Amino acid sequence: MHRLWPALYHGVQRQYRFFPVCQQITCLMSSKPGDPTKPSDPLTKNETENGEDTVSATSVPPSRPNAISSLPQLEDWVFRLLSNQQGRVPVSEFHKALREVGLWENDPRLRETMANLRKLQESHSSFLDRETFSKCITENIVLIGRAFQSKFVIPKFSEFSSYIDKMYWSCVSQKNGKVADYIPQLARFSPDLWGVALCTVDGQRHSIGDSDKPFCLQSCVKPLVYATAVSELGDKTVHKYVGTEPSGRSFNEIALNKYNQPFNPMINSGAILLCSLIKPEDHQSDRFDHILKVLKAAAGDDFVGFSNTTFLSEKATSYRNFALAYYLKENQCFPPKTDLMEALDLYLQHCSVDITCESGAIIAATLANGGVCPLTGELVFHPDAVQHTLSLMHSCGMYDYSGQFAFQVGLPAKSGVSGGIMLVVPSVMGIMCWSPPLDSTGNSVRGLHFCKELVSTFNFHHYDNLKYKSKKLDPRRHSLYTMRGRSFRDESRSQQIIDILFAAYNGDVTALRRCVMLGMDMEVTDYDGRTALHLAAAEGHVQVVRFLLEKCGVRHDLQDRWGQVPLDDAVRFGHKETEEILRKAQEQSG
Ligand SMILES: NC(=O)CC[C@H](N)C(=O)O
């Protein structure tokens with residue numbers, strides 16, 4: 001897309017597709033999420049998430065993620081994390097573990113790995129030994145490694161997703177609102193339809209409900225057409241024709257600002273005007289195809305279609321938009337020689353582009369990611385255009401509810417009469433909600449309710465970053481907590497102890513695996529010096545004992561306050577098999 005841009009911008013014409021591998025290895029070694037331009041020396045002190053200095057990598061057992069300093073070591077670590085008692089990785093377990101961190105099978109970045117796994121399954125093999133595992137994932141080890149090392153923007157993704165699901169279900173009971181019927185095709189959608197999907201700037205994805213059902217973008221397309229126009233023409237050219245102020249009126253009001261322009265590009269008048277600016281010299285079919293290509297690129301080639309039914313249905317009833325177009329013409333708002341009917345057709349065609357919540361979330365994530373699609377790494381919109389787009393979504397995106405939305409939700413969003421709300425959490429994620437019933441301002445009732453639930457739970461509101469803000473969950477941190485005024489160190493450390501010890505006590509290897517992925521210290525103790533290994537030995541959880549000893553490199557001879565080692569617990573509570581494993585570990589360590 002950007003290849004078509006005139007040389008308006010310097011230094012942005014780069015494919016962000018893939019950092020050179022050497023740079024990517026560097027970001028494996030930094031304890032902070034990877035900025036490959038700032039290589040960190042793996043042998044210096046690492047700072048853990050709660051600010052404690054750990055000893056240098058050489059003295060930390062190789063099993064801990066922040067000690068990894070090469071791709072073969074990373075591959076080894078991931079294999080040991082996922083392999084079973086027989087030293088093999090069940091393919092089903094591998095898919096499950098990827099999904100838990102938000103990586104889907106259709107993720108274009110995992111194309112090679114998924115193709116290799118499919119070939120394996122065609123040969124009826126459902127387990128990966130070390131060699132096969134390496135062959136399967138080697139092309140994508142950096143991405144997979146980062147995912148399992150929790151270097152993505154939402155480290156506890158499965159826990160975050162369960163919060164999203166709770167919010168989704170809390171909206172189901174919202175039965176008020178009315179499905180739009182001024183466009184006959186829209187009136188045919190069930191009021192019970194309700195879907196939500198999200199995509200983070202690292203390409204972590206989650207969806208629930210009717211998230212894979214197609215619906216037309218309607219006004220949710222307006223920010224995307226605007227971002228395209230500014231990317232190609234620059235903001236100065238675009239804003240010669242369209243203002244940047246909220247209109248405070250309905251989205252199809254026949255009104256202009258004091259400069260005789262449409263108030264902004266997020267309402268019908270502004271959007272119709274924009275259609276006359278993009279590639280006016282091309283044939284109408286090519287002009288529409290161009291926008292479709294931009295939308296597909298923003299969606300990472302996920303579903304983007306076109307509903308001719310909607311287009312014909314709206315064209316036959318779009319009296320207001322025809323009136324708007326002639327009003328703009330009468331006031332010389334268009335560039336000279338504009339073909340009015342062509343501009344109007346293009347506008348109605350843009351509104352009739354079909355997406356799903358899942359593909360819409362990727363588009364929103366592209367905006368959240370500064371214009372780069374998280375799934376393909378392609379630069380779709382110029383970052384400056386994205387900044388302007390998010391500003392106008394923030395101030396004008398929800399029509400004459402925009403002021404209240406900015407006050408209550410505090411995030412850039414765009415609604416559409418088909419019931420979509422595209423929400424952007426800048427530098428974190430994009431969310432697409434869809435439920436047809438609308439309130440009096442033309443916004444989805446369930447979608448609005450979901451957005452309010454989201455920012456009352458997570459510190460996503462634009463001003464939640466103020467010091468001493470109230471207590472909300474911060475899903476960008478390993479432990480889903482930020483506490484008012486208290487040192488984050490105490491909260492995250494005690495949370496880690498709770499997470500690990502309870503998982504060991506309950507024999508929950510999956511939860512322990514998640515703790516390892518989050519880089520937690522698996523030898524952490526409670527106030528009595530009791531470790532996870534003590535608790536697992538006392539309860540006779542053989543799998544956990546093995547996992548801690550063999551995968552996590554936990555020492556078998558750590559003593560609690562009373563000088564007891566885990567073997568003493570196994571003997572005292574009569575767990576013969578556990579006792580045998582711990583005795584063997586004792587003998588091996590001499
Ligand atoms: N708010 C909307 O989604 C309106 C878009 C619709 N195509 C119209 O022009 O009326």
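Visitor: Which strands form the open sheet of 3, and in what order?
Guide: In this predicted model, the order of that open sheet is S7-S9-S8, with antiparallel pairing; strands here are DSSP runs (E, at least two residues) and helices are runs of H or I of at least four residues, both numbered from the N terminus, and two strands pair if DSSP finds at least two bridges between them.

Visitor: And which strands stand at the edges?
Guide: Strand S7 (215-216) and strand S8 (305-306) do, each with a single partner strand, so one side of each has no neighbour in the sheet.

Visitor: How many bridges hold S7 and S9 in their pairing?
Guide: S7 pairs with strand S9 (residues 353-355) over 2 bridges in the antiparallel sense, and Cys 216 stands opposite Asp 354 in S9.

Visitor: What holds strands together in general?
Guide: Strands of a sheet pair through backbone hydrogen bonds, either parallel or antiparallel.

Visitor: What order does the open sheet of 5 strands have?
Guide: The order is S6-S5-S12-S11-S10, again with antiparallel pairing, and the edge strands, each pairing on one side only, are strand S6 (205-209) and strand S10 (413-415).

Visitor: How many bridges join S5 to S12?
Guide: Strand S5 (residues 195-200) and strand S12 (residues 429-434) run antiparallel and are joined by 6 bridges, where Thr 200 has Met 429 in S12 as its bridge partner.

Visitor: Which strands does H7 touch when it packs on that sheet?
Guide: H7 touches S5, S6 and S12, and its direction makes about 25° with that of S6; contact means heavy atoms within 4.5 Å, while angles run from 0 to 180 degrees between N-to-C directions, with axes being lines fitted to C-alpha atoms, for helices over the stretch in contact.

Visitor: Changing topic, at what angle do H7 and H18 pack?
Guide: Helix H7 (residues 157-172) and helix H18 (residues 445-457) pack at about 140°, with their axes 9 Å apart. That makes H7 oblique to H18, since angles under 35 degrees count as roughly parallel, over 145 as roughly antiparallel, 65 to 115 as roughly perpendicular and the rest as oblique.

Visitor: Which residues meet there?
Guide: Among them are Tyr 163, Ile 164 and Met 167 in H7, and Arg 446, His 449 and Phe 450 in H18.

Visitor: Anything to know about how the model was read?
Guide: Residues are numbered from 1 along each chain as its sequence is written. Local features need pLDDT of at least 70 and side-chain atom pairs count only at pLDDT 80 or more, whereas totals for chains, interfaces and linings use all residues, and side-chain values use heavy atoms, leaving out hydrogens and water.
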